[in-house]
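Please read the points below beside the sequence and the structure, taking them in order.

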Number of protein chains: 4
Amino acid sequence: MKFFSDNAASVHPLVWSAMQAADQPDNGYDGDALSQQMDMAFSDLFGQPATALWVATGTAANCLVLAAMVPPFGGIVCHREAHIETDEGGAPGFYTHGAKLILAEGDAAKLTPASVHAAIDPIRPDVHRVQPHAISITQSTEYGRIYTPAEVTAISAVAQQRDLWLHMDGARFGNAVAHLGCHPAAVTADAGVDALSFGFVKNGGMGAEAIVLFGEARDTALVDSVRRMRKRAGHLQSKGRYLAAQILALLEGDLWLHNARAANAAAAELAAAAGDRLMHPVEADEVFLVLSPAEAAALRAQGFDFYDWNAPAGTPGAARLVTAWNSNPDHVAALARAIAAL
Amino acid sequence: MKFFSDNAASVHPLVWSAMQAADQPDNGYDGDALSQQMDMAFSDLFGQPATALWVATGTAANCLVLAAMVPPFGGIVCHREAHIETDEGGAPGFYTHGAKLILAEGDAAKLTPASVHAAIDPIRPDVHRVQPHAISITQSTEYGRIYTPAEVTAISAVAQQRDLWLHMDGARFGNAVAHLGCHPAAVTADAGVDALSFGFVKNGGMGAEAIVLFGEARDTALVDSVRRMRKRAGHLQSKGRYLAAQILALLEGDLWLHNARAANAAAAELAAAAGDRLMHPVEADEVFLVLSPAEAAALRAQGFDFYDWNAPAGTPGAARLVTAWNSNPDHVAALARAIAAL
Amino acid sequence: MKFFSDNAASVHPLVWSAMQAADQPDNGYDGDALSQQMDMAFSDLFGQPATALWVATGTAANCLVLAAMVPPFGGIVCHREAHIETDEGGAPGFYTHGAKLILAEGDAAKLTPASVHAAIDPIRPDVHRVQPHAISITQSTEYGRIYTPAEVTAISAVAQQRDLWLHMDGARFGNAVAHLGCHPAAVTADAGVDALSFGFVKNGGMGAEAIVLFGEARDTALVDSVRRMRKRAGHLQSKGRYLAAQILALLEGDLWLHNARAANAAAAELAAAAGDRLMHPVEADEVFLVLSPAEAAALRAQGFDFYDWNAPAGTPGAARLVTAWNSNPDHVAALARAIAAL
Amino acid sequence: MKFFSDNAASVHPLVWSAMQAADQPDNGYDGDALSQQMDMAFSDLFGQPATALWVATGTAANCLVLAAMVPPFGGIVCHREAHIETDEGGAPGFYTHGAKLILAEGDAAKLTPASVHAAIDPIRPDVHRVQPHAISITQSTEYGRIYTPAEVTAISAVAQQRDLWLHMDGARFGNAVAHLGCHPAAVTADAGVDALSFGFVKNGGMGAEAIVLFGEARDTALVDSVRRMRKRAGHLQSKGRYLAAQILALLEGDLWLHNARAANAAAAELAAAAGDRLMHPVEADEVFLVLSPAEAAALRAQGFDFYDWNAPAGTPGAARLVTAWNSNPDHVAALARAIAAL
């Protein structure tokens, strides 16, 4: 009974069937019929013109966008616990040719206008200091917290005032929209987000994420940069139609939202059992809870697998539990009972 | 009836079933059971210790290896028509941080010891000149020609004498081994190749190639570099088991060789029909032939799709026809007849 | 009466005469007689084999060394207020091809073994996290504080335990040795420092700094990397003899030490006058003091020029005063009196 | 009697005196009075608005400009014997983050519209091919040949038609203008050159070259990029006034032109003596001549030092002789006699 991560969960049956339906000759790279439908599918979803490209991983999605937005001598404001800072093996430095991540603070890995200002206002504009060119936020955050449309809009206002691009790392974007219950555009394009890494791998896909560009970011030169860098990074798969098929299948009938709701519901069930143990309110599919080593061992002895986490000060230990689109209800219920019984 | 390229052909049924067999929870990235079998599977195939990693594309496979072997201030000897020089959108420059491709000559995109010497012997060892650190050859070449074990060994001798790594871009490695009828090690590890980009995408796979390292290249530091750069390039897919599954399925029972033989046979059928029109002997699955614009139009009018090619001097035009593991025998026969009838 | 920085002070007369003595034909780049003396001159100074190369700036010196020590996917531990982090316009990211600066804490921009451990101990060794490969410390620090030989040795012990290189940014190395009164090797090579950026520009030179490599860092491959990267960065000046001449002149008769003592003495005079206003003990040639806007204006009205500084919490303002090898004693005395009279 | 290269010649007395006149306190970096005069001095010289920045070396000048003009995934058309291709240790790859040098042909290292077309016309615009973004020509060329204003204009027409920037590597720009006898703008800005690396080091300077930007290249964003990259590359010297002083001294009273004429005249004297031995017409300060090993030895026995050169096919050997602004007339006359006497 694995609660390690949603990032290695099985692939949704409808994704499988869409991939198999694509198993006939078509043009290579993104010249096939499915890849050509990407722009329209995302434009329909977001209710406005959008340009969308597939890539295999969230790391590539994040970094290709940031590299197109930020010169090598520039900087990207992100939270000091952002995935791009802590968990991508230095990928932003590779893709951007050494641009700096300018680290900002904020509870539960959420930036705020104030924390962004605190990070960038002291930066003199001279050549000795790296200047910010973009802000990147994670939705839902690395601690499973979710930016409301108003919160994104407030950060976007800072971005616009300082002429910065705003990127959203949406590895768990579906979980966020499922929680918010809003239109997907309300918390992205309409809130001032220029580019979204729309995650599908953690939400029923196999190996396909979408880079989605809105408004000014659809500027020909920027899109052309992303396309050329995708090739240059070896991410332009020749059988791209299988990636497009995954994404289109998950968009079809809002399967992405359906899957995310299922994962969120499972996490909520665990959260309810965890009560005071929770380190953060549970809004998406991640549950962080205080757990002593003995308690963790007890759960593991019952067959539950999960990652230990850095314990907050004054607590004996902590753990991270992650549900997924296909979390087994029996397993979830059993884990909830086991937690409650600790 | 498409003869554009093998790179967008359908996926072999046994690959599909292997992927689906992998559709159950396992560890993420390359911590799953299948990914863990890669080293052993390739060691078995090559009859010696090998280290193998999956990536989604041949461009990534080539460039990750070369970047681990060559410092940013170094150079890589390759043919001036090598795929890494002409068709990867500058990927080697990206991955190696600007190392230089040192271009060498040779008939049909094949390097020879003499052409390598001609390229590197004039390079003074001082800091003003970029020094070679590796040689990269393509097997089969960009014109469908194949290096014999003796030819690879001869180039390897130059590499060893000059302390250069030897890399083989094996996007169509299967076609080469199928043609040679030799043991796969005879034309790689045993011939002095340090690293092989073993292509599966063009040979029945969906989106998985293998980086295979032999001998000294399995040195811990080099393998560690490749692993870390794979992550840093966003190529460490979290559901890596689906990539390992593809590769292992194609190794199983030498399916890779079976598929390559089928593609080669189809190309041979076209070659026989083309006769004097051939620009290069046909050894793999690519057929380059002289074709006037009118003749090309005539074939297209019969429903055959293919790429035009740069015409050699003194000829009215040229075309490239590529077969694949699943080329329809009826289509091949029809095209052969149509060519013969021109 | 300028107290902005030592970095734009005049050039020492003996440096001028050495440059002019070099004004005759010799080999280009570093093939001239003076450049060839660098290794011996620094070996003599440090009492052990040293390899030394000139470059025009401290930024280049720091970054060339770090780039030779750290792979693009690696990291460098430094203080969050280190010059390489805050004031080099992202140069480390450029030279290292995107390696990460891993920021550590410490009073007055000084690292400690504990602060280094705090920064690196939580880093899992997996490929998702950037691994440290070097530690860089600044001597004297960005706040004019000085590491004792024992303090450097303690950090070096952490470096050795974790197999990290230890680099010292010695833009104001002379001021540190002048303060410590120790042998220059005691706080560098003998304390475990692998590479020193030995600053001369702030200490009577015009445009020449030395990269000095000790012990294992003199390993042929590393030195070769630095040499090739120096050329590749456009820092191998063809008339290098004029840079070597500057450095050798400053080493001759310990002129570098003489100059540093003069600068330190001037700063000490200001420090004595500043009393409780001091934000940090004054050990080198930089004086940081609390100063209200009105007081700063009063000093400026008397003809003293200096930079404002970020005020510590609870203070009305702050300023930085920097002396130099040739600070005018009358100006120093006048400023001391003016500060005392505030 | 050294005829190795002009790149290590002595420094002109007026350059020395200008540097010494700058030896008083001023602002650091390029905030000093002399650096601030650069734009105006070059605007005056070229008779139109120009933006000018100093750097220490021609390699840095060339590469900073090219990096500002060309994205990492782009390409730069240059001659296959261009200095940026053969002699800068891979610096363009470093500065541009891996952009490709697209090699073109041409007699005596001179590009022509036809050779540029031959290099770029076959490049499909798709993402698999690196697209050209700039053309770089060397004036005078690596073989001492000179582009006329009409020849530059013709190349510029190709650049404009294809929307490429045009850069001139003017390491020996003075020699070219001295030969042409034209206004310096006639062969640069007025002929469509966007950026010039104006060389002074080979022409009486010590360690200062100018990046000069014209017209659209003075666009704020491009200049800002160059400025930031100059810092990021460690080329923003804190005592920049000594570099500005060199350049301004060489512009004063057209000293640069005077020096170049002297060097050209010395080369012409050697050329007249060489007669049929010449491999290229002598237009600047470089003389390439056929010389058998025995003849070379004979000259060296008489005290003349020079570099051997790659012999053209069918000749027994070759040499390169380079004069300079201060070539000793007696040495030149003696060498001319010795050559004539061979």
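Predicted model: local features only at pLDDT ≥ 70, side-chain atom pairs only at ≥ 80, totals over all residues.

1. The contact between chain C and chain D takes 36 residues from chain C and 36 residues from chain D. On the side of chain C that touches chain D, the elements that give two or more residues are α3 (58-69), α5 (91-95) and α9 (220-232) of chain C. Sorted by class, that side of chain C holds 13 nonpolar, 16 polar and 7 charged residues.

2. Chain D also has a contact with chain B, to which chain B gives 14 residues and chain D gives 15 residues. The side of chain B that touches chain D is made up, by class, of 6 nonpolar, 6 polar and 2 charged residues.

3. Within chain D, helix α11 (residues 255-274) packs with helix α13 (residues 329-340) at an angle of about 15°, and their axes are 8 Å apart. Because angles under 35 degrees count as roughly parallel, this angle makes α11(D) roughly parallel to α13(D). The crossing of the two helices α11(D) and α13(D) is right-handed.

4. What residues form this contact of α11(D) with α13(D)? From α11(D) come D:Ala266, D:Glu269, D:Leu270, D:Ala273 and D:Ala274, and they meet D:Val332, D:Leu335, D:Ala336, D:Ile339 and D:Ala340 of α13(D). By class, the contact of α11(D) with α13(D) has 9 nonpolar residues, no polar residues and 1 charged residue.

5. In chain B, helix α3 (residues 58-69) has 12 residues, which at 1.5 Å a residue should span 16 Å, and the 17 Å between its end C-alpha atoms agrees with this. Is α3(B) enclosed or exposed? Since 12 of the 12 residues of α3(B) are buried, the helix is largely enclosed by the rest of the structure. Among these buried residues are B:Asn62, B:Cys63, B:Leu64 and B:Met69.

6. Leaving aside its neighbours within four places in sequence, D:Ile84 is in contact with D:Asn62, D:Cys78, D:Pro92, D:Leu101, D:Ser136 and D:Asp169. The C-alpha atoms of D:Ile84 and D:His97, which are 13 residues apart along the chain, are separated by 14 Å.

Note on methods: Residues numbered from 1 in each chain as written. Chains lettered and ligands numbered in written order. Contact = placed C-beta atoms within 7 Å. Helix = DSSP H or I, 4+ residues; strand = E, 2+ residues; numbered from the N terminus. Nonpolar A, V, L, I, M, F, W, Y, C, P; charged D, E, K, R; others polar. Axes fitted to C-alpha atoms, helices over the stretch in contact; angles between N-to-C directions. Parallel < 35°, antiparallel > 145°, perpendicular 65-115°, else oblique. Left-handed = near helix turned anticlockwise from the far one by under 90°. Expected span 1.5 Å × (residues − 1). Buried ≥ 20, exposed ≤ 12 C-beta atoms within 10 Å, placed from the backbone.
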